[in-house]
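Visitor: I have just opened this structure and would like to learn how to read it. Could you walk me through a few features?

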Amino acid sequence: MAAITTRDGVTLHVSDNEAPGRPVVLIHGWPLSGASWENQIGALSRAGYRVITYDRRGFGRSDKPEDGYDYDTFAADLEDVMSGLDLTDATVVGFSMGGGEVARYIADWGEDRLHSAVFLSAVPPAMLHSEDNPDGPLTPDAAHEMRSGLENDRDAFFDEFISNFLSVDGELLVPESERQKALDMARQSDHRAALGAMDAFATTDFRRDLDAVTVPTLVVHGDSDDIVPLEGSGARTASAIETASLTVIPGAGHGLLSSHPNEVNEALLAFLAGAGGTEHAAGAAGPAG
């Protein structure tokens with residue numbers, strides 16, 4: 001365990017296995033914490049990688065300031081983690097809203113510290129549907145409904161959202177104990193942070209950020225994700241990044257870190273080891289990398 005203090009004085013809770021291998025930085029989704037990577041940490045550690053997770057400001061065990069819940073600040077926080085631990089030749093893996101950190105970090109801070117990048121069920125290129133972004137999967141009405149739900153009844157909103165997060169077609173894909181674990185993480189979030197981060201992932205446009213990505217990149221997405229749909233997010237990101245390959249996990253919804261850990265870990269480990277390939281479904285020979 002470690003703590004990193006950001007340039008604006010926020011203390012971030014960081015976990016680091018301190019292994020001698022190449023660093024892999026795991027950036028969690030909304031409204032969870034670094035603990036959501038528990039199914040990946042073991043597999044990556046056993047493979048010899050130095051695995052770092054951290055709780056985003058306002059979430060988990062990190063400080064919960066009044067403001068700073070925008071992607072420029074989140075990317076600066078990531079740089080403070082990277083520089084504070086003196087990480088180089090690292091792979092950054094962003095899940096869901098964490099994929100926004102990966103894109104904005106590269107656009108704002110460059111790739112000098114990076115070996116590669118992974119977008120996992122991630123929100124780029126741009127979630128909000130508009131005339132300028134007709135393929136955005138989140139309508140303004142749906143975004144407004146989400147925000148109103150969180151503002152008006154936080155507990156009820158999280159209970160329903162986490163259920164949908166871990167389900168496909170109304171069927172929960174994990175044991176109830178896993179749903180409760182995720183719900184506990186959501187409840188650890190500061191209310192201002194949860195609302196601010198929701199606004200950030202719903203409205204931030206990462207299309208220009210993706211133009212800056214030149215390191216080897218893997219995009220992993222479930223084909224049954226109805227929170228961050230494949231067609232409006234992962235598939236577009238893979239097309240936008242020249243160095244990217246796409247791995248689609250059949251039957252996986254949004255919460256595939258918990259529901260499909262073996263397939264996720266297989267794709268990550270093959271990519272980290274430098275396996276090549278073209279677009280395919282996970283489980284086929286040779287995940288893309």
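Predicted model: local features only at pLDDT ≥ 70, side-chain atom pairs only at ≥ 80, totals over all residues.

Visitor: What is Val25 in contact with, leaving aside its neighbours within four places in sequence?

Guide: Val25 is in contact with Ile52, Tyr54, Leu78, Met82, Leu87, Thr91, Val92 and Val93.

Visitor: And Phe201: is that residue buried or exposed?

Guide: Phe201, a residue of helix 7, has 9% relative accessibility and therefore counts as buried, since the cut-off for buried is under 20%. Not counting residues up to four places away in sequence, Phe201 touches Trp30, Tyr71, Met97, Val123, Met127 and Met146.

Visitor: Now the helices. At what angle do helix 4 and helix 7 pack?

Guide: Two packed helices are described by the angle between their axes and the distance between the axes. Helix 4 (residues 140-152) and helix 7 pack at an angle of about 180°, and their axes are 11 Å apart. That angle makes helix 4 roughly antiparallel to helix 7. On the helix 4 side, the contact is made by Met146, Arg147, Leu150 and Glu151, while helix 7 brings His191, Ala194, Leu195, Met198, Asp199 and Phe201. Six residues of this contact are nonpolar, one is polar and three are charged.

Visitor: How many salt bridges does a search of the whole structure find?

Guide: Side chains of opposite charge can pair when their charged atoms come close. The search finds 19 salt bridges. One of them joins Asp77 and Arg57, whose closest N and O atoms are 2.6 Å apart. Asp77 lies in helix 2 and Arg57 in the loop between strand 4 and helix 2, so the pair ties together parts that are 20 residues apart in sequence.

Visitor: Are those two partners buried or exposed?

Guide: Asp77 is buried, at 3% relative accessible area, and Arg57 is buried too, at 0%. For another pair, look at Arg207 and Asp205, which meet in a salt bridge at 2.6 Å, N to O. Arg207 is partly exposed at 26%, and Asp205 is partly exposed at 34%. Finally, salt bridges that share partners join Asp8, Arg57 and Asp77 into one network.

Definitions and conventions
Residues numbered from 1 in each chain as written. Heavy atoms only, no water. Contact = heavy atoms within 4.5 Å. Axes fitted to C-alpha atoms, helices over the stretch in contact; angles between N-to-C directions. Helix = DSSP H or I, 4+ residues; strand = E, 2+ residues; numbered from the N terminus. Parallel < 35°, antiparallel > 145°, perpendicular 65-115°, else oblique. Nonpolar A, V, L, I, M, F, W, Y, C, P; charged D, E, K, R; others polar. Buried < 20%, exposed > 50% of the residue type's maximum accessible area, 1.4 Å probe, protein only. Salt bridge = Lys/Arg side-chain N within 4 Å of Asp/Glu carboxyl O.
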